[in-house]
Amino acid sequence: MSVFTLKDAKIVPDIVHEYSPKIKGTSVPLVIDNGSYQCRAGWACNTQPSLVFRNLIAKPRKDRNKKDGEVPVTPVVQIGNDIVNIEALRFQLRTQFDRNVITHFHIQEQIFDYIFTHLGIDTEGRVEHPIVLTECFVNPNSCRQLMSELLFECYDVPSVCYGVDSLFSVRENQPGVDYALVVSFGHHTTHVMPIVKGFALPDKTRRINLGGFNILAFLHRVLQLKYPVHVNAITLSRAEELLHDHCSIACDYMEMLKNWATLDYYESNVRKIQLPFTQSNPTTYLLTAEQRMEKKRELARRLSELNARRREEQQAEDQELLARLLEIKELYREDREGFDYALLEFQMKGMQELQKMIRTLTARVERCKQRMAAQQEAAVAPPPEEKVPHPPAGLTVEDWVKQVKQQRETLLEKRQVRRQRRHDLAKRHTVAAQERMRIISLLARKEKGTDDFGMRDEDWDIYKTISREGGDSDSEIENEKLVEYEDILRHHDPTFTIEEPQAGNHSGTAEYHQMIGSMEAGLAETIDFVLKLFPAEEQLLLANNVFLTGSCAKFPGLKERLSRELLEMRPFQTPHKITLAQNPALDAWLGARNFSQQDDFARNSVTKREYEEFGGEYLKEHVASNRYFPTPAVPVIELNE
C-alpha cells in the first residue's frame, strides 16, 4: 500500500522574453499550437516553445470597497499562467472555444495580445513575422474567416499558414507517411482520421464528443460522491493531478474488476491519497441518534457552566454594590452632607428609596447563594447509577431482545422509506414525482375559472394526499424510541453494533454510462466503423499504422487496450500495429515548427494580398491542412414584374 500526498503545484507566471536582434526584422515564423486545453507558442528557430499556458482568461469581479480612482491590486484580466490560483477564479474562467471550435474571438484577441507581449514583440502596430497556426479538423469557413480577419486587420501579419495539430504530429513522427489511421485525443473531442495517399479524408473521419475534459469531470464527480465529507477538498485541480499521476487504462476491464475484488491484489495495488488536513467536526448526518443526544447533553453542560460563571460575576457585583449602599446608610447619622452627595451619585431621592434598593439587593444575593450552593451539592453528589433495563413480565430476555430488534428495524425502515420518498420527489422522472404531478394536474383541470378549492370534502382529500407525498421528518419521539431500543440492545445483546450510515456511497462502475451522460459509440467501435469504410487492402494498410496523439494518449495502458480490441475486431491472423507519438502533447508544435522550415512554406501560406483578394475563409491546402471547400455563393433570383 502506498500513500501519496497532493502536490498542489503553484503556477509560475510567464516572464517577458527578450525580442532577440537575431529574430527582430527577419521573417522567422511564429508557431502557435492553439489547443483547447493548452496553448504553445514559440519561434521556429527554437527547439522548444517559449510559452506553454492554459488557454483561459479570468476577469475578476470589481472590488466594491475600492473607489473608481484607486488602482486595482489585481489586473483587470488575467490570462494563462497569470492565473496563479485557478480554483479561486474557477467560476470566472472563460475560453474562446466551443468544444474544439473557436467562436469567441474577443477572447482570442486577448490571448494573442498575451502571446505577442510575452514574446517581447515591440514593433509598433503590427507583427512582422509569418504565423503558423493550428486549427481544428474541418474548421468551419466562418471561423477561419474571422481568425484571418483578426490576424491581418488587427495585427497586420505578413502571412498565415493553417494546419491541423494531429496532422502536424503525424508528420513530426512519420515524415512522408502515405497510409495511417490517426486517433487524436483532444480536450473536448476525439477524432479518428484516416490518411490515404498522404492526405486526410474528411468525409470518412468520425468525431466522438468526449475528451480529456469529460474524463476529468467524471472523475471529479465520482470522487465527490464517494467521499462527501471531503467534497470541498476535492477540487477540479486536484482531480486533474490524480488523473495525470495515478490513473491508467485497464487492458481487460472485467478481469481488472475481479482482481480488485481480491484482498491480496487490493492491498498490493491500492493507492491512498492524503488530502491537506483540516480540523473539523463530524457532520451531523453521520452521527447516530445516541451520539446526537450526547452532543446535546454536552452543549447543555457548557451552557450551564457559562450561566454559572455569569451568576458568579453578577453576585460579586451585587455584593460590592450592597456594601457601598450600606456605607451610604451609615453616613445618614454621621455626615448629612456626604449622605446627600452620595444619593445624587446613585440618582436616589431619599432614605426610603435607599432602603428599598438595599432590601432588593439583599434578597437577590441570598437567592444567588442558595442556587450556587445547590449546584455545588449536585456536583459533589455521586452520579446516579445507570439503570439496566429489564424485560417486562412474561417475557424472557432472549424474546425481549428479539422483539426490540424487530421494532428497531421497523423504525429504521420507515425512516429510510421516507428519506427515499423525499429523494424520489426531487427527481422529475421517478414514479413518486409523476404521481404527484398527476394529482396536481387533475386538480388544475377541475372547473377552470373558479377559485373554490377547499369548499368540498374531496378537495381536502387531494390536499392530504399531496401533503403526505413528501413524508414526515424524523420526530423527537422516534429519536427517543431509537435511543431506548439501542440502550436495551447494548445491555442485553453483546453482538449489537451501530452501523454508521454510508452517505453518498455510489458505485461509479455500475452507473458509468448513466452518470457520464453520453450515448455515443466507444473508441474501438468507431475505429472499426471507419476501417469498414475502405476496401480490404486499404483496411490492412490503415490497421498496420494506427497512430495515437494528443495529451490523453499518454495514459498508461491505452496502447495495450486498443491493441487487444483491434485484435478482437480484425479478421483472424490479420496484423495490426499501434504507434504512440514520441511526445503526444508537444509533437503538434514540433511538427508545425519543422513544416515552417521547409522550402515550400511560403507557397503554402496565405498572404495579406491573397486574403484581400479571395476572402478570409481562403486556405491553401497542404499535407497537414484541412481541405478547402469554398462557401457557395448566394444565388441571385430575379423576379419579372
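## Ground rules

Two strands count as paired if DSSP finds at least two bridges between them. Helices here are DSSP runs of H or I with at least four residues, strands are runs of E with at least two, and both are numbered from the N terminus.

This is a predicted model, where local features need pLDDT of at least 70 and side-chain atom pairs count only at pLDDT 80 or more, while totals for chains, interfaces and linings use all residues. Residues are numbered from 1 along each chain as its sequence is written, and side-chain values use heavy atoms, with hydrogens and water left out.

## The protein overall

Now for contacts, meaning heavy atoms within 4.5 Å. Take those between residues at least 6 apart in sequence: 71% of them join residues at least 24 apart.

Strand 12 (residues 180-185) is mostly covered, with 6 of its 6 residues buried. That goes for both faces: A180, V182 and S184 are buried on one side, and L181, V183 and F185 on the other.

Strand 12 pairs with strand 13 (residues 190-196) through 6 bridges, running antiparallel. The two make a hairpin with 4 residues between them, and S184 sits opposite H191 of strand 13. Strand 12 also has 4 bridges to strand 17 (residues 546-549), this time parallel; there, V182 has F547 as its bridge partner.

## An open sheet, and a helix across it

Another piece of the architecture is an open sheet of 6 strands, ordered 4-3-2-10-11-19, with mixed pairing. Its edges are strand 4 (51-54) and strand 19 (606-607), each pairing on one side only. Strand 19 is held to strand 11 (residues 159-164) by 2 bridges, and the pair runs antiparallel. V160 finds its bridge partner in V606 of strand 19.

Helix 3 (residues 165-173) lies across strand 2 (30-34), strand 10 (131-135) and strand 11, at about 80° to strand 11. For these angles, axes are lines fitted to C-alpha atoms (for helices, over the stretch in contact), and values run from 0 to 180 degrees between N-to-C directions.

## Helix 3 meets helix 19

Helix 3 also crosses helix 19 (residues 587-596) at roughly 75°, with the axes coming within 7 Å. That makes the two roughly perpendicular, a label for angles of 65 to 115 degrees; under 35 is roughly parallel, over 145 roughly antiparallel, and the rest oblique.

On the helix 3 side, the contact uses D165, F168, S169, E172 and N173, which meet D587, A588, L590, G591, A592, N594 and F595 of helix 19. By class that is 5 nonpolar, 4 polar and 3 charged residues. Nonpolar here covers Ala, Val, Leu, Ile, Met, Phe, Trp, Tyr, Cys and Pro; Asp, Glu, Lys and Arg are charged, and the others, Gly among them, are polar.

## Helix 1 against helix 2

Helix 1 (residues 105-118) packs on helix 2 (residues 141-154) at an angle of about 40°, with the axes 11 Å apart. The two are therefore oblique to each other.

Who makes the contact? F105, Q108, E109 and F112 come from helix 1, and C143, L146, M147, L150, L151 and C154 from helix 2. Sorted by class, this contact has 8 nonpolar, 1 polar and 1 charged residues.

Conventions
Buried < 20%, exposed > 50% of the residue type's maximum accessible area, 1.4 Å probe, protein only.
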